[in-house]
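I opened my notebook beside the viewer and jotted down what I looked up, one topic at a time. Here are the entries, in the order I made them.

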Amino acid sequence: MRSSGQVGVVEARVFLNAELGVSDYSDLSKGANTMSSSSSSSYCKRRIVGAGAAFGALLVSMAAAADPRPWQLNLDKGVTPISQQIWDLHMAALWVCVVLGILVFGAMFIAIFRFRRSKGAVAATWSHNTLLEVAWTVVPVLILIGLAAPATILTREMYNATGSQMTVKVTAYQWLWRYDYVSYDGKPITRVPTIYSRLAWDSNAARQLDSGISPYSVVDKETGFHDYLLDVTHPLVIPAGVKVRFLITADDVIHGWWVPDFAAKRDAIPGIMNDAWAKVDKPGIYRGQCYVLCGQDHSAMPIVVKVLPKDQFNAWLAEQENAATLDKAARTAQAAPQKPDPAKG
Ligand SMILES: [Cu+2]
(Lines give C-alpha, C1' and ligand atoms only; values in the text may rest on other atoms or scores of the structure.)
Protein backbone atom coordinates (compact mmCIF):
# COMPACT_ATOMS: atom_id res chain seq x y z
CA MET A 1 0.00 0.00 0.00
CA ARG A 2 2.81 2.36 0.92
CA SER A 3 4.58 1.84 -2.36
CA SER A 4 1.67 2.84 -4.53
CA GLY A 5 2.35 6.58 -4.28
CA GLN A 6 5.57 5.83 -6.01
CA VAL A 7 3.61 4.23 -8.82
CA GLY A 8 2.39 7.73 -9.66
CA VAL A 9 5.95 9.06 -9.72
CA VAL A 10 7.07 6.19 -11.93
CA GLU A 11 4.08 6.69 -14.23
CA ALA A 12 4.94 10.39 -14.53
CA ARG A 13 8.54 9.51 -15.31
CA VAL A 14 7.55 6.94 -17.94
CA PHE A 15 5.19 9.47 -19.51
CA LEU A 16 7.84 12.18 -19.47
CA ASN A 17 10.40 9.83 -20.96
CA ALA A 18 8.01 8.66 -23.67
CA GLU A 19 7.27 12.25 -24.62
CA LEU A 20 10.90 13.29 -24.67
CA GLY A 21 12.08 10.10 -26.35
CA VAL A 22 14.50 9.11 -23.63
CA SER A 23 14.81 5.70 -22.10
CA ASP A 24 16.41 6.49 -18.78
CA TYR A 25 15.86 9.13 -16.12
CA SER A 26 19.51 10.17 -16.25
CA ASP A 27 19.07 10.88 -19.96
CA LEU A 28 16.50 13.63 -19.41
CA SER A 29 18.96 16.42 -20.24
CA LYS A 30 19.68 14.65 -23.54
CA GLY A 31 15.94 14.51 -24.22
CA ALA A 32 15.55 18.20 -23.45
CA ASN A 33 18.27 18.99 -26.02
CA THR A 34 16.48 16.95 -28.67
CA MET A 35 13.32 18.89 -27.92
CA SER A 36 14.92 22.32 -28.30
CA SER A 37 16.61 21.43 -31.59
CA SER A 38 13.31 20.53 -33.26
CA SER A 39 12.13 23.04 -35.84
CA SER A 40 8.56 21.75 -36.30
CA SER A 41 6.08 23.91 -34.36
CA SER A 42 3.51 21.09 -33.98
CA TYR A 43 6.28 18.85 -32.73
CA CYS A 44 7.19 21.55 -30.20
CA LYS A 45 3.55 22.09 -29.23
CA ARG A 46 3.04 18.38 -28.68
CA ARG A 47 6.10 18.27 -26.50
CA ILE A 48 5.05 21.35 -24.49
CA VAL A 49 1.62 19.81 -23.87
CA GLY A 50 3.28 16.50 -23.05
CA ALA A 51 5.73 18.10 -20.64
CA GLY A 52 2.88 20.05 -19.05
CA ALA A 53 0.86 16.88 -18.59
CA ALA A 54 3.88 15.07 -17.18
CA PHE A 55 4.53 17.94 -14.77
CA GLY A 56 0.86 17.81 -13.71
CA ALA A 57 1.07 14.06 -13.23
CA LEU A 58 4.22 14.57 -11.19
CA LEU A 59 2.50 17.15 -8.97
CA VAL A 60 -0.46 14.81 -8.47
CA SER A 61 1.86 11.94 -7.64
CA MET A 62 3.83 14.16 -5.23
CA ALA A 63 0.62 15.09 -3.49
CA ALA A 64 -0.32 11.43 -3.39
CA ALA A 65 3.07 10.42 -2.01
CA ALA A 66 2.01 11.36 1.50
CA ASP A 67 -1.06 9.24 1.11
CA PRO A 68 -0.29 6.63 -1.43
CA ARG A 69 -2.93 4.65 -3.30
CA PRO A 70 -3.33 4.64 -7.06
CA TRP A 71 -5.94 7.17 -8.17
CA GLN A 72 -6.82 8.08 -4.61
CA LEU A 73 -8.80 11.32 -4.51
CA ASN A 74 -10.02 11.37 -0.94
CA LEU A 75 -8.18 11.77 2.36
CA ASP A 76 -6.89 8.64 4.04
CA LYS A 77 -8.72 7.45 7.14
CA GLY A 78 -5.51 7.17 9.13
CA VAL A 79 -4.89 4.74 11.96
CA THR A 80 -5.83 6.59 15.14
CA PRO A 81 -9.32 7.18 16.57
CA ILE A 82 -8.81 10.94 16.08
CA SER A 83 -7.78 10.65 12.43
CA GLN A 84 -10.83 8.46 11.76
CA GLN A 85 -13.15 10.97 13.40
CA ILE A 86 -11.56 13.73 11.33
CA TRP A 87 -12.26 11.64 8.24
CA ASP A 88 -15.92 11.16 9.27
CA LEU A 89 -16.32 14.90 9.83
CA HIS A 90 -14.68 15.64 6.50
CA MET A 91 -17.10 13.25 4.76
CA ALA A 92 -20.10 14.81 6.52
CA ALA A 93 -19.00 18.28 5.34
CA LEU A 94 -18.40 16.94 1.84
CA TRP A 95 -21.92 15.41 1.58
CA VAL A 96 -23.50 18.61 2.92
CA CYS A 97 -21.63 20.50 0.17
CA VAL A 98 -22.69 17.96 -2.48
CA VAL A 99 -26.39 18.15 -1.50
CA LEU A 100 -26.33 21.97 -1.30
CA GLY A 101 -24.51 22.16 -4.63
CA ILE A 102 -27.10 19.95 -6.34
CA LEU A 103 -30.00 21.92 -4.83
CA VAL A 104 -28.62 25.39 -5.60
CA PHE A 105 -27.29 24.66 -9.10
CA GLY A 106 -30.38 22.54 -9.87
CA ALA A 107 -32.72 25.41 -8.93
CA MET A 108 -30.56 27.84 -10.90
CA PHE A 109 -30.52 25.76 -14.09
CA ILE A 110 -34.27 25.01 -13.85
CA ALA A 111 -34.91 28.76 -13.53
CA ILE A 112 -32.62 29.53 -16.48
CA PHE A 113 -34.11 26.95 -18.85
CA ARG A 114 -37.80 26.73 -17.87
CA PHE A 115 -38.44 30.40 -17.26
CA ARG A 116 -36.51 31.96 -20.12
CA ARG A 117 -37.87 34.95 -22.05
CA SER A 118 -37.95 33.08 -25.38
CA LYS A 119 -40.55 30.75 -23.82
CA GLY A 120 -42.64 33.76 -22.88
CA ALA A 121 -41.91 33.67 -19.18
CA VAL A 122 -43.03 36.74 -17.28
CA ALA A 123 -41.27 37.80 -14.10
CA ALA A 124 -43.35 37.51 -10.94
CA THR A 125 -44.11 40.75 -9.13
CA TRP A 126 -43.88 39.60 -5.53
CA SER A 127 -40.64 40.50 -3.78
CA HIS A 128 -40.84 38.94 -0.29
CA ASN A 129 -41.76 35.55 1.03
CA THR A 130 -41.44 35.48 4.80
CA LEU A 131 -41.59 31.69 5.11
CA LEU A 132 -38.85 31.22 2.47
CA GLU A 133 -36.62 33.88 4.04
CA VAL A 134 -36.94 32.35 7.50
CA ALA A 135 -36.20 28.91 6.03
CA TRP A 136 -33.04 29.99 4.17
CA THR A 137 -31.75 31.67 7.32
CA VAL A 138 -32.59 28.93 9.78
CA VAL A 139 -31.51 25.93 7.65
CA PRO A 140 -27.91 27.17 7.06
CA VAL A 141 -27.60 28.07 10.76
CA LEU A 142 -28.69 24.52 11.68
CA ILE A 143 -26.23 23.04 9.17
CA LEU A 144 -23.39 25.19 10.57
CA ILE A 145 -24.22 24.20 14.15
CA GLY A 146 -24.43 20.56 13.05
CA LEU A 147 -20.90 20.77 11.62
CA ALA A 148 -19.33 23.09 14.21
CA ALA A 149 -20.48 21.19 17.31
CA PRO A 150 -18.76 17.86 16.53
CA ALA A 151 -15.73 19.77 15.14
CA THR A 152 -15.35 21.66 18.44
CA ILE A 153 -15.65 18.47 20.49
CA LEU A 154 -13.10 16.76 18.24
CA THR A 155 -10.65 19.69 18.42
CA ARG A 156 -10.79 19.54 22.20
CA GLU A 157 -10.09 15.81 22.07
CA MET A 158 -7.18 16.33 19.64
CA TYR A 159 -5.46 18.59 22.15
CA ASN A 160 -6.26 16.41 25.15
CA ALA A 161 -3.02 14.55 25.78
CA THR A 162 -3.93 13.75 29.40
CA GLY A 163 -3.91 10.11 30.44
CA SER A 164 -1.11 9.21 28.05
CA GLN A 165 0.99 6.20 29.05
CA MET A 166 4.13 7.27 27.26
CA THR A 167 5.89 10.57 26.58
CA VAL A 168 8.42 11.18 23.83
CA LYS A 169 10.14 14.51 23.32
CA VAL A 170 10.60 15.46 19.68
CA THR A 171 13.22 18.12 18.89
CA ALA A 172 13.72 19.42 15.37
CA TYR A 173 17.09 20.54 14.08
CA GLN A 174 18.47 21.73 10.76
CA TRP A 175 17.84 19.07 9.30
CA LEU A 176 17.05 16.06 11.39
CA TRP A 177 14.76 14.91 14.20
CA ARG A 178 15.83 14.01 17.70
CA TYR A 179 13.68 11.72 19.86
CA ASP A 180 14.10 11.38 23.62
CA TYR A 181 12.02 8.88 25.57
CA VAL A 182 10.79 10.63 28.70
CA SER A 183 8.48 8.15 30.43
CA TYR A 184 6.56 4.94 29.91
CA ASP A 185 3.88 3.36 32.11
CA GLY A 186 4.39 6.00 34.78
CA LYS A 187 8.15 5.40 35.05
CA PRO A 188 10.86 7.71 33.72
CA ILE A 189 13.04 6.31 30.95
CA THR A 190 16.57 7.40 31.61
CA ARG A 191 18.81 4.77 30.05
CA VAL A 192 17.47 4.62 26.50
CA PRO A 193 19.79 6.65 24.29
CA THR A 194 18.56 9.58 22.27
CA ILE A 195 17.53 8.68 18.73
CA TYR A 196 18.87 10.95 15.99
CA SER A 197 16.65 10.38 12.98
CA ARG A 198 18.44 11.53 9.83
CA LEU A 199 17.70 11.04 6.18
CA ALA A 200 18.69 7.49 5.19
CA TRP A 201 22.20 7.35 3.75
CA ASP A 202 21.24 5.89 0.36
CA SER A 203 18.75 8.74 -0.20
CA ASN A 204 21.35 11.23 0.95
CA ALA A 205 23.94 9.82 -1.48
CA ALA A 206 21.47 9.94 -4.37
CA ARG A 207 20.46 13.55 -3.76
CA GLN A 208 24.03 14.90 -3.88
CA LEU A 209 24.83 17.02 -6.92
CA ASP A 210 26.19 14.90 -9.81
CA SER A 211 25.89 11.75 -7.70
CA GLY A 212 24.97 9.75 -10.79
CA ILE A 213 22.58 7.71 -8.62
CA SER A 214 19.01 7.61 -9.87
CA PRO A 215 16.48 8.39 -7.14
CA TYR A 216 14.42 5.55 -8.56
CA SER A 217 17.11 3.09 -7.58
CA VAL A 218 16.60 3.92 -3.89
CA VAL A 219 14.41 1.03 -2.74
CA ASP A 220 13.78 -0.71 0.58
CA LYS A 221 15.43 -4.10 0.14
CA GLU A 222 12.82 -5.94 2.22
CA THR A 223 9.59 -4.45 0.92
CA GLY A 224 10.55 -3.05 -2.49
CA PHE A 225 9.09 0.32 -1.43
CA HIS A 226 10.63 3.28 -3.26
CA ASP A 227 11.70 5.24 -0.21
CA TYR A 228 13.81 8.02 -1.74
CA LEU A 229 13.61 10.98 0.71
CA LEU A 230 11.08 8.99 2.75
CA ASP A 231 13.33 6.85 4.91
CA VAL A 232 15.51 7.63 7.93
CA THR A 233 18.53 6.13 9.64
CA HIS A 234 16.76 5.51 12.95
CA PRO A 235 12.96 5.58 13.12
CA LEU A 236 11.04 6.52 16.23
CA VAL A 237 9.79 3.28 17.82
CA ILE A 238 6.54 3.30 19.83
CA PRO A 239 4.23 0.59 21.18
CA ALA A 240 0.84 -0.22 19.64
CA GLY A 241 -2.35 0.39 21.59
CA VAL A 242 -0.69 2.90 23.92
CA LYS A 243 -1.56 6.59 24.11
CA VAL A 244 1.72 8.32 23.30
CA ARG A 245 2.20 11.99 23.98
CA PHE A 246 4.67 13.86 21.81
CA LEU A 247 6.29 16.98 23.25
CA ILE A 248 7.37 18.92 20.19
CA THR A 249 9.95 21.68 20.05
CA ALA A 250 12.83 22.86 17.85
CA ASP A 251 16.40 23.87 18.39
CA ASP A 252 16.95 26.28 15.52
CA VAL A 253 14.40 27.35 12.90
CA ILE A 254 10.68 26.55 12.90
CA HIS A 255 9.81 23.05 11.71
CA GLY A 256 6.62 21.00 11.79
CA TRP A 257 6.18 17.39 12.92
CA TRP A 258 3.48 15.68 10.89
CA VAL A 259 2.45 12.06 10.50
CA PRO A 260 -0.74 12.15 8.39
CA ASP A 261 -1.91 8.65 9.43
CA PHE A 262 -1.87 9.75 13.09
CA ALA A 263 -3.54 13.13 12.45
CA ALA A 264 -0.67 14.42 14.60
CA LYS A 265 0.57 17.74 13.27
CA ARG A 266 2.22 20.40 15.41
CA ASP A 267 4.57 23.30 14.94
CA ALA A 268 8.08 22.75 16.29
CA ILE A 269 9.17 26.20 17.50
CA PRO A 270 12.39 27.04 19.38
CA GLY A 271 11.61 27.92 22.99
CA ILE A 272 8.04 26.63 22.84
CA MET A 273 6.81 23.17 23.78
CA ASN A 274 3.75 21.99 21.88
CA ASP A 275 2.12 18.64 22.32
CA ALA A 276 0.25 16.12 20.25
CA TRP A 277 -0.76 12.54 20.88
CA ALA A 278 -1.52 9.32 19.06
CA LYS A 279 -2.84 5.90 19.97
CA VAL A 280 -2.04 3.54 17.15
CA ASP A 281 -3.63 0.10 17.32
CA LYS A 282 -2.16 -1.30 14.12
CA PRO A 283 1.57 -2.06 14.17
CA GLY A 284 3.45 -0.93 11.09
CA ILE A 285 5.66 1.74 9.55
CA TYR A 286 4.11 5.19 9.32
CA ARG A 287 5.73 7.99 7.39
CA GLY A 288 5.48 11.73 7.61
CA GLN A 289 7.25 14.91 6.69
CA CYS A 290 8.32 18.21 8.11
CA TYR A 291 5.50 20.46 6.94
CA VAL A 292 7.12 23.86 7.47
CA LEU A 293 9.48 24.96 4.72
CA CYS A 294 12.46 25.29 7.02
CA GLY A 295 15.51 25.63 4.81
CA GLN A 296 17.53 24.27 1.92
CA ASP A 297 17.43 20.70 3.23
CA HIS A 298 13.77 20.73 4.17
CA SER A 299 13.13 17.71 1.98
CA ALA A 300 15.89 15.85 3.81
CA MET A 301 13.99 15.52 7.08
CA PRO A 302 11.36 12.83 6.66
CA ILE A 303 9.69 11.21 9.68
CA VAL A 304 9.36 7.46 10.15
CA VAL A 305 7.50 5.96 13.11
CA LYS A 306 7.72 2.22 13.68
CA VAL A 307 4.80 0.93 15.73
CA LEU A 308 5.58 -2.41 17.38
CA PRO A 309 3.19 -4.76 19.23
CA LYS A 310 3.46 -3.99 22.96
CA ASP A 311 5.48 -7.10 23.89
CA GLN A 312 7.93 -6.54 21.03
CA PHE A 313 8.28 -2.90 22.05
CA ASN A 314 8.99 -3.89 25.66
CA ALA A 315 11.68 -6.29 24.43
CA TRP A 316 13.15 -3.54 22.23
CA LEU A 317 13.16 -1.10 25.15
CA ALA A 318 14.87 -3.63 27.44
CA GLU A 319 17.47 -4.27 24.74
CA GLN A 320 18.18 -0.55 24.39
CA GLU A 321 18.49 -0.18 28.16
CA ASN A 322 20.85 -3.16 28.38
CA ALA A 323 22.99 -1.88 25.52
CA ALA A 324 23.21 1.54 27.21
CA THR A 325 24.20 -0.06 30.53
CA LEU A 326 26.86 -2.25 28.89
CA ASP A 327 28.17 0.72 26.93
CA LYS A 328 28.43 2.79 30.11
CA ALA A 329 30.20 -0.06 31.93
CA ALA A 330 32.68 -0.42 29.07
CA ARG A 331 33.41 3.29 29.03
CA THR A 332 33.84 3.37 32.84
CA ALA A 333 36.29 0.45 32.65
CA GLN A 334 38.23 2.19 29.90
CA ALA A 335 38.41 5.45 31.83
CA ALA A 336 39.47 3.77 35.12
CA PRO A 337 43.09 4.66 36.06
CA GLN A 338 45.50 1.80 35.36
CA LYS A 339 47.50 0.51 38.27
CA PRO A 340 51.20 1.22 37.70
CA ASP A 341 53.16 -1.94 36.96
CA PRO A 342 55.63 -2.28 39.89
CA ALA A 343 58.11 -4.20 37.71
CA LYS A 344 58.42 -1.20 35.40
CA GLY A 345 58.46 1.38 38.20
CU1 LIG B 1 11.65 21.35 8.55
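Predicted model: local features only at pLDDT ≥ 70, side-chain atom pairs only at ≥ 80, totals over all residues.

**Entry 1**

H255 belongs to strand β7 (residues 255-259), while C294 is in the loop between β10 (284-290) and β11 (302-308), so I noted a link between distant parts of the chain, 39 residues apart.

Are H255 and C294 buried or exposed? I found H255 at 0% relative accessibility, which counts as buried. C294 has a relative accessible area of 10%, and because the cut-off for buried is under 20%, C294 is buried too.

**Entry 2: an aromatic pair on the same strand and loop**

I then looked up the aromatic pairs and found eight in the structure. One of them is W258 with Y291, an edge-to-face pair with 6.3 Å centre to centre and 90° between the planes. W258 is in strand β7 and Y291 in the loop between β10 and β11, so this pair ties together parts that are 33 residues apart in sequence.

The charged end of K265 sits over the ring of Y291, 4.7 Å from its centre. I logged another such contact at W277, where K243 lies over the face of the ring at 4.1 Å from the ring centre.

**Entry 3: helix α7**

Does the length of helix α7 agree or disagree with what its residue count predicts? The helix covers residues 310-335, which is 26 residues. At 1.5 Å a residue it should span 38 Å, and I read 37 Å between its end C-alpha atoms, which agrees. The expected figure takes 1.5 Å times one less than the number of residues, because that is how the span is defined.

Which residues of α7 are buried? My list has F313, W316, L317 and A324. I also noted what these buried residues pack against: β1, β2, β4 (195-197), β5 and β11. As a reminder to myself, an α-helix has 3.6 residues a turn, so residues three or four places apart point the same way.

F313 and W316 form one aromatic cluster with Y181 and Y184.

**Entry 4: salt bridges**

I counted six salt bridges in the structure and wrote down three of them.

- R287 and D231 meet through their side chains at 3.7 Å, N to O. R287 is in strand β10 and D231 in the loop between α6 and β5, so the pair links distant parts of the chain, 56 residues apart. R287 counts as buried, at 14% relative accessibility.
- D275 and R245 have their closest N and O atoms 3.4 Å apart. This pair also links distant parts of the chain, with D275 in strand β9 (residues 274-279) and R245 in strand β6 (residues 243-250), 30 residues apart. R245 is partly exposed, with a relative accessible area of 29%.
- D281 and K279 have their closest N and O atoms 3.5 Å apart. D281 counts as partly exposed at 46% relative accessibility, and K279 is partly exposed with a relative accessible area of 28%.

**Entry 5: backbone points to remember**

I finished with the backbone. Which peptide bond is noted as cis? It runs from Q174 to W175, with omega near -10°. W175 lies in the loop between β1 (166-173) and β2 (176-184).

I also noted positive phi values in residues other than glycine. D210 has phi near 55° and is found in the loop between α6 (201-207) and β5 (236-239). D210 counts as exposed, at 75% relative accessibility. L229 has a positive phi of about 65°, and its place is likewise in the loop between α6 and β5. L229 is partly exposed, with a relative accessible area of 21%.

Technical notes
Residues numbered from 1 in each chain as written. Heavy atoms only, no water. Helix = DSSP H or I, 4+ residues; strand = E, 2+ residues; numbered from the N terminus. Buried < 20%, exposed > 50% of the residue type's maximum accessible area, 1.4 Å probe, protein only. Contact = heavy atoms within 4.5 Å. Phe/Tyr/Trp six-rings, centres within 6.5 Å; stacked < 30°, edge-to-face > 60°. Lys NZ or Arg CZ within 6 Å of the ring centre and 35° of its normal. Salt bridge = Lys/Arg side-chain N within 4 Å of Asp/Glu carboxyl O.
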